[in-house]
Amino acid sequence: MIYEYWLAGIKEITDLKKQKLREVYGSGKAIYYIEETEITGIEFLTEEEKEGLKKARKEKTKEQLKEEFYKMQEHGIEFIPFFSKEYPPGLAEIPDPPFALFVKGTCPGAKKKAAIVGARGCSGYGEHYTRE
């Protein structure tokens, strides 16, 4: 699952193209280990997306990814990729579903649901009302 986590974090590639990459290569691990020359030949990726993929492969080792992934889990954050049975069915049906969800607390089946999208660079105002 660490390679799916790695793929989810590549900002330069859209979620739909991440799903397509996974369809073509079968897993995040296979994508992580693609030869750089093969990346150049992926026709459905733009040049920017190809460069993002190449860069992401060089940024973190398998050990760094594992450490990051397990630290996230220790903080009670669950990683749910689009192909997981835990992925909310309604969300999977929208035109451009997220490749993966990072969930703290409950997800599908809960009566009340809230999602915080784009929270990494939120303002003080946004943070205050999110906590509230």
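Author: Happy to! Let's begin with Glu-49: leaving out residues up to four places away in sequence, it touches Glu-12, Ile-13, Thr-14, Lys-17 and Phe-44.

Reader: Where is Glu-49 found?

Author: Glu-49 sits in helix H5.

Reader: And is Glu-49 buried or exposed?

Author: Glu-49 has a relative accessibility of 5%. The cut-off for buried is under 20%, so Glu-49 counts as buried.

Reader: Before we go on, what kind of model is this?

Author: This is a predicted model. The protein chain has an average pLDDT of 86, and 86% of the residues score at least 70.

Reader: Where is confidence lowest, and where is it highest?

Author: Confidence is lowest in helix H8, residues 124–131, with a mean of 73. Helix H2, residues 15–25, has the highest, at 95.

Reader: Good to know. How many helices and strands does the chain have?

Author: There are 8 helices and 2 strands in the protein chain. Along the sequence they follow the pattern α-α-α-α-α-α-β-α-β-α.

Reader: Let's look at H2, then. Which residues of H2 are buried?

Author: The buried residues of H2 are Lys-18, Gln-19, Leu-21 and Arg-22. They cover an arc of only 155° around the axis, so they are on the same side of H2.

Reader: What do the buried residues of H2 pack against?

Author: They pack against H1 and H3. Just after H2 comes Gly-26, which takes a positive phi of about 90°.

Reader: What is Lys-18 in contact with?

Author: Setting aside neighbours within four places in sequence, Lys-18 is in contact with Leu-7, Ala-8, Gly-9, Ile-10, Ile-13 and Phe-99. A polar atom of the Lys-18 side chain lies 3.5 Å from the backbone oxygen of Leu-7.

Reader: And which residues does Leu-7 contact?

Author: With neighbours within four places in sequence left aside, Leu-7 is in contact with Lys-18, Leu-21, Ile-31 and Phe-99.

Reader: New topic: how many residues are in the largest nonpolar core?

Author: The largest nonpolar core has 23 residues. Those with the most contacts inside this core are Trp-6, Leu-7, Ile-10, Leu-21, Ile-31, Leu-53 and Phe-79.

Reader: Which elements give two or more residues to this core?

Author: They are helix H1 (2–8), helix H3 (28–32), helix H5 (47–59) and helix H6 (62–74). H1 gives the largest share of this core, 6 residues.

Reader: How much of the chain do buried residues make up?

Author: Buried residues make up 33% of the 132 residues in the protein chain.

Reader: I do like rings. How many aromatic pairs does the structure hold?

Author: The structure holds 12 aromatic pairs. One of them is Tyr-5 with Phe-79, an edge-to-face pair at 6.0 Å centre to centre, with 85° between the planes.

Reader: What does that pair tie together?

Author: Tyr-5 lies in helix H1 and Phe-79 in strand S1 (residues 77–81), so the pair ties together parts that are 74 residues apart in sequence. Tyr-5 and Phe-79 are both buried.

Reader: What about Phe-82 and Phe-83?

Author: Phe-82 and Phe-83 form an edge-to-face pair too, with 5.5 Å centre to centre and 85° between the planes. Phe-82 counts as partly exposed, at 24% relative accessibility, and Phe-83 is also partly exposed, at 36%.

Reader: Which residues form the aromatic cluster?

Author: Tyr-5, Phe-69, Tyr-70, Phe-79 and Phe-102 form one aromatic cluster.

Reader: One last stop: where is Leu-91, and what does it touch?

Author: Leu-91 is found in helix H7, residues 89–92. Not counting residues up to four places away in sequence, Leu-91 touches Pro-97, Pro-98 and Leu-101. Its relative accessibility is 24%, so Leu-91 counts as partly exposed.

How values were computed
Residues numbered from 1 in each chain as written. Predicted model: local features only at pLDDT ≥ 70, side-chain atom pairs only at ≥ 80, totals over all residues. Heavy atoms only, no water. pLDDT = per-residue confidence, 0-100. Helix = DSSP H or I, 4+ residues; strand = E, 2+ residues; numbered from the N terminus. Core = buried A, V, L, I, M, F, W, Y, C linked by side-chain atoms within 4.5 Å. Buried < 20%, exposed > 50% of the residue type's maximum accessible area, 1.4 Å probe, protein only. Contact = heavy atoms within 4.5 Å. Arc of directions from axis to C-beta. Polar contact = N/O pair within 3.5 Å; in protein donor to acceptor, adjacent residues only side chain to side chain. Phe/Tyr/Trp six-rings, centres within 6.5 Å; stacked < 30°, edge-to-face > 60°.
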